[in-house]
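Let's take a friendly walk through this protein together. Please have the viewer ready, and follow the side chains as they come up.

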Amino acid sequence: MLEKKTQEFVLPKGTKSASGFGRRVWMGALAAALLTVATGSGAAQDAQLVSPQATTKQKPKIGFIAPVTYDNKYEVYGGINFMNFQGGQSLPTRMNMGGAEVLMTYWLTPKWGLGGEWRGEWGTTPVTPNITFNGRALASLNGGLLGAQYRGPKNQYAALNYHAYAGAMYGKFDYTADPTLLGMYTNRTKPMAALGISIDVNHSKNMAFRLSPDLILEHFGTETRQFFAISGGVVYRFGKR
């Protein structure tokens, strides 16, 4: 009886063969569909990665964003400076001073400009032996200079300028003690001049880095003395002439 029922559930040979063939066809179709999806996804990702911008060769930028024409009407310079000086006419040793400089130039022509500047300097100096103070005394110079600037050789990368400024500086020498006891000048305002050149290395059309050495002439004592100064900073050009 059991054997008869078992035989009833066994599929005929032809039916089993057709069923196996159908399963193989179905599995093959599923594999083909998955392969198609995977291939399409990979192609889409490759298309995203390889964009027209990426395939286009970028040319390197050489030179400046805009040409430096030097046709500006105004120019402002600000920087830090160094200067040597003598805090008293009879002091045997010079002093070193540091400070700041701000210059405004109005260009009348492509070559000639009128300039006005403020300079401030601070430093300490050795003093003559005394019973009041033993050490280095503080001194400062502050004042304004006016003059002319001449633009020399120039190109896209740099320019050379010549300048001459004259004016007056106020010297303060009593920060530490009575300056007459220390062999220093008394507080006073005296003439001073700055003669020199400046080298501007262009960063862009409107901005440059400047190095400016000067010969300083001053008359704080009974004679004119010469000193060296140098400043470095940034030039900003604006306004069209």
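Are Arg210 and Glu75 buried or exposed? Both of them are buried. Keep in mind as you look that this is a predicted model. The two residues form a salt bridge, with their closest N and O atoms 3.0 Å apart. Arg210 lies in strand β7 and Glu75 in strand β1 (residues 72-85), so this pair ties together parts that are 135 residues apart in sequence.

The protein has four helices and eight strands, and from the N terminus on the elements run α-α-α-β-β-β-β-β-α-β-β-β. Of its 241 residues, 31% count as buried. Among contacts between residues at least 6 apart in sequence, 62% join residues at least 24 apart.

Now back to the charged side chains. Side chains of opposite charge can pair when their charged atoms come close. The count for this model comes to ten salt bridges. Arg210 also forms one with Asp200, where the closest N and O atoms are 2.7 Å apart. This pair links distant parts of the chain, with Arg210 in strand β7 and Asp200 in strand β6 (residues 188-202), ten residues apart. Arg210 counts as buried because its relative accessibility is 5%, under the 20% cut-off. Asp200 is buried too, with a relative accessible area of 1%. If you trace the salt bridges onward, you find a network that links Glu75, Arg151, Asp200, Arg210 and Arg237.

Another pair to pick out is Glu101 and Arg119, a salt bridge whose closest N and O atoms are 3.5 Å apart. Glu101 sits in strand β2 and Arg119 in strand β3 (residues 112-126), so the pair links distant parts of the chain, 18 residues apart. Glu101 is buried at a relative accessible area of 3%, and Arg119 is buried at 4%.From Arg119 you can move on to Asp214, a residue of strand β7. Which side chains does the side chain of Asp214 meet in polar contacts? One is the side chain of Arg119, at 2.7 Å, and another is that of His163, at 2.5 Å. Asp214 counts as buried, with a relative accessibility of 4%. Leaving aside neighbours within four places in sequence, Asp214 is in contact with Arg119, His163, Ala194, Leu195, Gly196, Phe227, Phe228 and Ala229.

The last stop is empty space. Rolling a probe the size of a water molecule over the atoms shows where such space is left. How many cavities of 30 Å³ or more does the count give? The count comes to one, and the largest cavity has a volume of about 50 Å³. By kind, the lining residues divide into three nonpolar, four polar and two charged. Strands β2 (95-107), β5 (158-172) and β7 (207-218) each supply at least two residues of the lining.

How values were computed
Residues numbered from 1 in each chain as written. Predicted model: local features only at pLDDT ≥ 70, side-chain atom pairs only at ≥ 80, totals over all residues. Heavy atoms only, no water. 1 Å grid on protein atoms, 1.4 Å probe; cavity = no way out; pocket = protein on both sides within 12 Å on 5 of 7 lines; lining within 4 Å. Points joined across faces, edges and corners; volume = space filled by probe spheres on them. Nonpolar A, V, L, I, M, F, W, Y, C, P; charged D, E, K, R; others polar. Salt bridge = Lys/Arg side-chain N within 4 Å of Asp/Glu carboxyl O. Buried < 20%, exposed > 50% of the residue type's maximum accessible area, 1.4 Å probe, protein only. Polar contact = N/O pair within 3.5 Å; in protein donor to acceptor, adjacent residues only side chain to side chain. Contact = heavy atoms within 4.5 Å.
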